[in-house]
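Me: I would like to go through the labels attached to this model and ask, for each, what value stands behind it.

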Amino acid sequence: MSVQFPYKKITSAILASLPAKAKAVLVRRFGLEGERETLQEIGTSYDITRERVRQIEDFGLRTLRAKKDIFKTHEAVFAHLEDYMKSRGNLVREDVISEDLGQKSFASHVFFLLTIAEAFERKGESDDLYTLWYNAPDALGNAKAVIAKTTDLFRKKGAPVSFEEMLSWGKGALVATGGAALSSEAFLSYIACSKAVEKNPFGEYGLREFPEIHPRGMRDEAYIVLKRGGAPLHFRTVAQEVTKYRKRYTG
């Protein structure tokens, strides 16, 4: 997104309305002025229990969420966050938000704003999905349905596909619950949250289980080199190409 806000100034103004200790706890828990700190680390510094720190944190968040004037005063930034999410199907992987909106330096401030706004929900990492945020009741279900359909198409294909081919799957072929066609941005945002689908060094997409996507040893790497070579290769040439592939794969 091209629009940028003074996130640090905004969060500072919002926190100013809290009692000193609640403000300090939230600053440290979200890492607004440095590294994020655990309940234990903060409790030790104040000589209080982890549970007491959690209570202070909860009090601070509840207090801010109840202050309607905060959301009126800073309406533009919260509207910006909602527009950003909406343009991506109302669901986005957390580290993508960090790169798009926080530019890494202000990511903690963006996540703080998302946390105090009732419109946004965070879903922690699971076996199937990366940590993500969503702001529509049906977004998570839609994303899971799209991911399931896409992984099924990959299994039927049995091989990686180009970015363009995968993108074509999201145009008309995959629809969200309710029959609304997905935008390309929403489709890609959903797929980015899946741990099952990855991209290889050649820009191809496929299931993580595919050897062309996530090689698990020399045998898979040699298979990739031979497959892409399109002609018989001398074993020395294969070894050289595998070395090149490893450098490309590991960045």
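Reply: What follows takes the labels in turn, bearing in mind that this is a predicted model.

Me: Why is R29 called buried?

Reply: R29 has a relative accessibility of 16%, and the label applies under 20%, so R29 counts as buried. This residue sits in helix α2, which covers residues 20-30, and leaving aside residues up to four places away in sequence, R29 touches R36, E37, T38, L39, I42 and E57.

Me: What makes the pair of R29 and E57 a polar contact?

Reply: The side chains of R29 and E57 come to 3.2 Å, and the cut-off for such a pair of N or O atoms is within 3.5 Å, so the pair qualifies as a polar contact.

Me: How do you know that the buried residues of α9 lie on the same side of that helix?

Reply: The buried residues of α9 are A139, L140, N142, A143, V146, I147, T150, T151 and F154. Around the axis they cover an arc of only 160 degrees, which puts them on the same side of α9.

Me: Why are β4 and β6 said to pair?

Reply: Strand β4 (residues 161-162) and strand β6 (residues 204-207) are joined in the antiparallel sense over two bridges, and at least two are needed, so the strands count as paired. Within this pairing, V161 stands opposite Y205.

Me: Why is the salt bridge between D100 and R88 said to tie together separate parts?

Reply: The closest N and O atoms of D100 and R88 are 3.9 Å apart, which is within 4 Å, so the pair meets the criterion for a salt bridge. D100 lies in helix α7 (residues 94-102) and R88 in the loop between α6 and β1, so the pair ties together parts that are twelve residues apart in sequence. At 23% relative accessibility, D100 is partly exposed.

Note on methods
Residues are numbered from 1 along each chain as its sequence is written. This is a predicted model: local features need pLDDT of at least 70, side-chain atom pairs count only at pLDDT 80 or more; totals for chains, interfaces and linings use all residues. Side-chain values use heavy atoms; hydrogens and water are left out. Helices (H or I, at least four residues) and strands (E, at least two) are DSSP runs, numbered from the N terminus. Buried means under 20% relative accessible area, exposed over 50%, partly exposed in between (1.4 Å probe, protein chains only). A polar contact is a pair of N or O atoms within 3.5 Å; within protein, one must be able to donate a hydrogen and the other to accept it, and residues adjacent in sequence count only if both atoms are side-chain atoms. Contact means heavy atoms within 4.5 Å. The arc is that of the directions from the helix axis to the C-beta atoms. A salt bridge is a side-chain nitrogen of Lys or Arg within 4 Å of a carboxyl oxygen of Asp or Glu.
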